Amino acid sequence: MQKNYLNELYLCNGVSSTNETIMITAELLEKYGALKKFFNKNEVIFDEGNLPAYYYQIISGEIKMSNYNDDGREFIQGIFYKEQSFGEPPLFLNQKYPANAIAVENSEIFLLSKSNFWKLLEENSKISIKIIENLAQRLYYKSVMAAEISTQEPEHRVLKLIDHGIAYFNFQKDKNGYLINFTRQQIGDLTGLRVETIIRTIKALEKKGELKIINRKVYR
């Protein structure tokens, strides 16, 4: 009952909240002049080194923020799904983006100009608080994962990432369990492990009953 009440409260104030997801309602975004824009799969939304000009919130699709090291290996900073926002820290700090934002699949996104975003926050204090909570959650997750990557074995790292995904992303549950909406490559990038290690680790976790593999899809 309490959870439903809180969700209704957030909706009344222009925010829809489910764990790490923070969504400013479409009505409120459009009231402040947000535009919808479609991005094709692999299309760049913004480049590393650009100064931020918009607040971005996903209507549908999947977005990754990543950059590349000197050897050309991609490092994924984060993956974002429907109803999540991304790229806010540089927007608040007026600093250049530290990573590229790329559509993993065909995606539709709200773009709200920086000036109108500030106006929205100034006039809707409860949304400001939720955005602060959201950013704090991301920082907490990065701190936890940094410790996991430096000290824990592959199986522990993978399960920690998957359980975080279940708790904070919109992973769907069916009769087989939660469908883990990460590719093997993405799991590797997010845990600091090679893809070959991820494949072996997932198979080992399947044998232990921690994961299921059905038609090459991973379930928890």
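Author: A helix in this text is a DSSP run of H or I with at least four residues, a strand is a DSSP run of E with at least two, and both are numbered from the N terminus. The model itself is predicted.

Reader: With those names in hand, which element gives the most to the lining of the largest pocket?

Author: That is α5, with nine residues. The helix covers residues 125-151. The elements that give two or more residues to the lining also include β7 (74-81), α3 (88-93), α6 (154-168) and α7 (184-191).

Reader: How many residues line the largest pocket, and which of them lie nearest its centre?

Author: The lining has 31 residues, and those nearest the centre are Gln77, Gly78, Phe80, Arg138 and Lys142. By kind, 20 of the lining residues are nonpolar, seven are polar and four are charged. The space in the pocket comes to about 730 Å³.

Reader: Next, the strands. How should I read a strand such as β5?

Author: Start with the general idea: side chains in a regular strand alternate between the two faces of the sheet. Then look for the partners. Strand β5, residues 54-60, is joined by six bridges to β10, residues 107-113, and the two run antiparallel. Opposite Tyr55 stands Leu112 of β10.

Reader: Which residue in β8 is the bridge partner of Gln57?

Author: The partner is Ser85. Strand β8, residues 85-86, pairs with β5 over two bridges, again in the antiparallel sense.

Reader: Is Asn42 buried or exposed?

Author: Asn42 is exposed: its relative accessible area is 55%, and the cut-off for exposed is over 50%.

Reader: What is phi for Asn94, and where is that residue placed?

Author: Phi of Asn94 is about 55°, a positive value although the residue is not a glycine. Asn94 sits in the loop between α3 and β9 (100-103). Its relative accessibility is 44%, so Asn94 counts as partly exposed, a class that runs between the 20% limit for buried and the 50% limit for exposed.

Conventions: Residues are numbered from 1 along each chain as its sequence is written. This is a predicted model: local features need pLDDT of at least 70, side-chain atom pairs count only at pLDDT 80 or more; totals for chains, interfaces and linings use all residues. Side-chain values use heavy atoms; hydrogens and water are left out. On a 1 Å grid over the protein atoms alone, a cavity is a set of points where a 1.4 Å probe fits but cannot get out, and a pocket is an open set with protein on both sides within 12 Å along at least five of seven lines; lining residues have an atom within 4 Å of a point. Grid points are joined across faces, edges and corners, and a volume is the space filled by probe spheres set on the points. Ala, Val, Leu, Ile, Met, Phe, Trp, Tyr, Cys and Pro count as nonpolar, Asp, Glu, Lys and Arg as charged, and the others, Gly among them, as polar. Two strands pair if DSSP finds at least two bridges between them. Buried means under 20% relative accessible area, exposed over 50%, partly exposed in between (1.4 Å probe, protein chains only).
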